[in-house]
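Here are my notes on this model, point by point. Please read them with the structure open.

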Amino acid sequence: MARVGPWGAALNEYDLLVIGAGPAGAAAALRGAAQGLRVALVDRHAFPRNKLCGGGVTGRARREAAALLGGTPPDALMEPRGHFEFYADGAPLGRIEGVPPVWMTTRVAFDAHLVEAALDAGAADFTGRPVAEIDPDVPAATLRDGTRLTAPLMVGADGATGVVARALHGAPPDPERLGFALEIEAPPAPDAGADAPVRIDFGAAAWGYGWSFPKSGSTTVGVGGVHARNPSMKAAMRDYLALLDIADEEARLQGAFLPFGHFHRRPGRGGVMLAGDAAGLVDPMTGEGIGHALASGRMAAEAAAQALCGGHPHRALRHYGKALRPMHRSLRYAIFLRHLVYGTRLRDGFISAFRRSGRLRYDYMRMLGGELEYDDIARRALARLPGLAARATAARLRPARS
Ligand SMILES: Cc1cc2nc3c(=O)[nH]c(=O)nc-3n(C[C@H](O)[C@H](O)[C@H](O)COP(=O)(O)OP(=O)(O)OC[C@H]3O[C@@H](n4cnc5c(N)ncnc54)[C@H](O)[C@@H]3O)c2cc1C
């Protein structure tokens, strides 16, 4: 008779397969292992590995990481930045300080730290081993070296274009519904200390923005927005580099897709739960995805443990869907607000309000800091809608400045 483990799985199997070891997968593996599940953590790369990302960690994301790790991430991984400069179409909109900081990290170090914590917690290490095929009905993963891993439950955390979502939905994500971003690591600014400003440029890309994130080792500069609305993101990036007076670095340009406003309303199927970018959980206004990746990975592991403990693995997806509801609601509000911030009809009104209103800029930063929810902002925006529309009309009628 086959020997069985605590949840009825044969001993050569796991309780939970986690595919992808970015923030979502590492969080799922760490939380799953901490709850006593036998977890296999799979990634095509050995860690440390790089991942194209601005590395901006909001207060909300940092709190999630701290809860997972049992303490705030080491200072060496996180450089706080509390000064922000906003521009629109090259013109200054305002500077803010005294707001909740955003922390700057490098994904090489941040992700490696999380993976190490997951392995220390007891997850089995299958990093450096790409997945060749997923069978979502078992669920099972066949690695490129022929190893087959099975478990009653799987978390698909393999990013925006991963194989797990493809196995569930039968097709790669439609590039027209994704965001796309280009980035370079420019040399650090001479004054890249704690007071160095984080710079955000509305209008550097259509339905998106440009950013310059100062870190002690480099300045991460990028532009990103809705893919379908930016037929030449390279040209947008060239213009942005020229604006910032950075030599054209095309040879070192790197690009990546990210979900940008289209999350999977049903975050999985059967025994498979999708987390992080694989589930489309990126903020459609800011492109921030690390916090949602960490939170969704944790929730998927908690749903798995709850379902397995109750002896009903098939209930995991239901538990997970329920846990995700507040995040989905917040993303829906953000999709609504995106039309105010980036949509052509009201954008001018928003920009004009952002320039005049320190309160609006402050609220925007509090929202990034996790002190304000999109629901609150959407309610306030609705109240201001007539004013925004009037300002948008006035801005359009005003003669262009020479
Ligand atoms: C240019 C750019 C800038 C960004 N800047 C920010 C920012 O400043 N702040 C922020 O919060 N978010 C930012 N984001 C979004 C953020 O990077 C993502 O939301 C976040 O990485 C999602 O984490 P994840 O764990 O879901 O996926 P990922 O971090 O993409 O991890 C997925 C993992 O799956 C692995 N994998 C994929 N396929 C396979 C396979 N076949 N077999 C095995 N393993 C596989 C990959 O190797 C990878 O390690 C940015 C995104 C881009 C593109």
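1. Domain 1 and domain 2 bury about 930 Å² between them, and 51% of that lies on carbon and sulfur atoms. Buried area here is the accessible area (1.4 Å probe) that two parts lose on being put together, summed over both. The model is predicted: local features need pLDDT of at least 70, side-chain atom pairs count only at pLDDT 80 or more, and totals for chains, interfaces and linings use all residues. Residues are numbered from 1 along each chain as its sequence is written, and side-chain values use heavy atoms, with hydrogens and water left out.

2. Domain 1 comprises 16–63 + 106–174 + 261–333, and domain 2 comprises 346–397. These bounds come from an automatic or database domain assignment. Taken over C-alpha atoms, the two centres are 34 Å apart. Each side gives 10 residues to the contact, meaning heavy atoms within 4.5 Å.

3. Now the ligand. Its shell holds 36 residues, the closest being Asp43, Arg49, Gly54, Gly56 and Asp277. The shell divides into 17 nonpolar, 10 polar and nine charged residues. Ala, Val, Leu, Ile, Met, Phe, Trp, Tyr, Cys and Pro count as nonpolar, Asp, Glu, Lys and Arg as charged, and the others, Gly among them, as polar.

4. Which elements each supply at least two shell residues? They are helix H1 (23–34), strands E13 (178–186), E15 (208–214) and E17 (254–259), and helix H6 (290–309). Helices (H or I, at least four residues) and strands (E, at least two) are DSSP runs, numbered from the N terminus.

5. Check the backbone around the ligand's nitrogen atoms. A backbone N or O atom of arginine 44 sits 2.9 Å from a ligand nitrogen. For a polar backbone atom of glycine 54, the distance to a ligand nitrogen is 2.8 Å. Glycine 56 places a backbone N or O atom 2.9 Å from a nitrogen of the ligand. The protein covers 94% of the 1,000 Å² of accessible area that the ligand has on its own.

6. Two cis peptide bonds deserve a look. Phenylalanine 47 and proline 48 are joined by one, with omega about 5°. Proline 48 is in the loop between strand E2 (39–43) and strand E3 (56–57). Valine 138 and proline 139 are joined by another, with omega about -10°.

Key. Near = heavy atom within 4 Å. Polar contact = N/O pair within 3.5 Å; in protein donor to acceptor, adjacent residues only side chain to side chain. Areas by Shrake-Rupley, 256 points an atom, 1.4 Å probe, with all protein chains shown as cover.
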